[in-house]
Amino acid sequence: MISVSNVSMRYGAKILFDEVSTGFIPGKRYGLTGPNGAGKSTFMKLLTGELDPQKGTVVRPRKLGVLSQDQFAFDQYRVIDAVIMGNRRLWAALEERELIYAKAEMTDSDGMKLGELEGIVGEEDGYTAESDAAILLQGLDIPDEQHERKMSELPGGQKVRVLLAQALFGHPQALLLDEPTNNLDLDSIHWLKSFLNQYEGVLIVISHDRHFLNGICTHIADIDYQTIITYTGTYDDMVVAKTQIRSQIESQNAQREKKISQLNEFIARFSAGTRSSQVQSRRKEVERLQVTELARSNIQRPYLKFDQKRPSGKHVLEIEGLSKSYGDVKVVSDFTASVIRGEKIALMGRNGSGKTTLVNALLANSPTTSEAELRKTSGYGGPFLDSGKVIWGHESAIGYFAQDHKALIEPGMKVLEWLHQWDPAASTEEIRGILGQMLFPRDDADKRTEILSGGEAARLLFCKLMLLKPNLLVLDEPTNHLDLESINALNISLQRYPGTVLLVTHDEDLIDEVATRVWHFEADHEITDFRGVYSEYQTVLSSESQTTA
């Protein structure tokens, strides 16, 4: 069990949480939620021991499994070593032991130290560490031939599995995961969800993926109102319960305020008369009926609304025999498709399967996206298309959100100045209004573009798209760096958008609720073009799988 008692954390005048006491029980799976800046990562660091609370205590089990957020931190190590590093005490002892053995001559103190280190290695099962790590990796579908390779040689999805093996190494009693689905494709997310549902210790996870939280959580620990409130159930269950509780208090307050007003009216009318006992009684009742003070929620909901200045022609895009390779590596092969106005197409597939490659090939031949923009975001200097044709329809105006979206924002400018250049005819107040919709405080209009965080840069690009009003949106991983409230706002806005959408994402809710068509990138460089919603596509895949079996 992990126990938190009277913990407080603040930064300057900002209180993250105050006098928080809560517990996390083995066998339960907790989602740690709250908007960006609420203190989720800070609280997770308190649980891991990376940070000490300014007030209060945290009691944790001796063995914690912590998932590293940095997939590149272990690139120079062997896969098997990266797993063993999950037991920090053991790894430190093994490294120090190796340094001593590497000496040409050992002193008496070296000999004494070796005895001490061998004791630690024995206590931590170090003599079977490599075989134990190999068993974990095999269970996580990392084949034996990859155990001796460098971490830098593995794709992102396999790296996460290795880092999860690292977190699990040594049989931790609690598993703490901060954004475990970052950079994972949908297949890897499904695998991780299944794995975590079988974990028997204390699980605490931070994620901005609503579908993922709903799929694994038995409880939600929500950071809001400068405290942490734990709700039973999934993320969606928490949202309903939280809304109901607040609505109930607001309704009770309204009734109490009405009653207090009536009592005060009686007191004012008869306080100088002969009904002093009745007046006194009503004064006591007013004191008893004091309205419950509602703390202000720190949740902020952006307002995203995509419009189009004018609709495109009916036939938005024609693709004929499009192919693209990088050297001898084939990525997209002979793809042909026709896109009709109003379609919302989800581009799905494993990381590295060619989704962004196809997007770049289409945009390089578009009327409103400059090749310079694509060079900035892709870092690629060669041709974006090897063969085939890309024909954009009449009046097509494209709004582009790149996976490396910060590269699209020119440094050395103020936020207001950068946004205003996309529509010089817009008034300053109109620009400020759009920034306000995307949760930029008024003073942030003068913020320098080069110091924007990833989330701020994403929200600024959405401001640009709302200002430009294109009739076709091309969005490549738009949910990266967004919190749950912003992702939900994006989801709703895309559903309501009257134009055409090409959407690259691993967010299952976005795919399920927005897409009307699926382009699925297969392992053989082919693209399956399914005209229908995602749930229908899943049904087709399931029936094909059963037929094959």
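Visitor: How many salt bridges does the count come to?
Guide: By the rule used here, the count comes to 27 salt bridges. The rule asks for a side-chain nitrogen of Lys or Arg within 4 Å of a carboxyl oxygen of Asp or Glu. This is a predicted model, where local features need pLDDT of at least 70, side-chain atom pairs count only at pLDDT 80 or more, and totals for chains, interfaces and linings use all residues. Residues are numbered from 1 along each chain as its sequence is written, and side-chain values use heavy atoms, with hydrogens and water left out.

Visitor: What makes Glu-124 and Arg-89 a salt bridge?
Guide: Their side chains meet at 2.8 Å, N to O, and the limit is 4 Å, so the pair qualifies. Glu-124 sits in the loop between H4 and H5 and Arg-89 in helix H3, so the bridge ties together parts 35 residues apart in sequence. Helices here are DSSP runs (H or I, at least four residues), numbered from the N terminus.

Visitor: How do you know that the span of helix H3 agrees with its number of residues?
Guide: The expected span is 1.5 Å times one less than the number of residues. For the 14 residues of H3 (residues 88-101) that gives 20 Å, and the end C-alpha atoms are 20 Å apart, so the two agree.

Methods:
Helix = DSSP H or I, 4+ residues; strand = E, 2+ residues; numbered from the N terminus.
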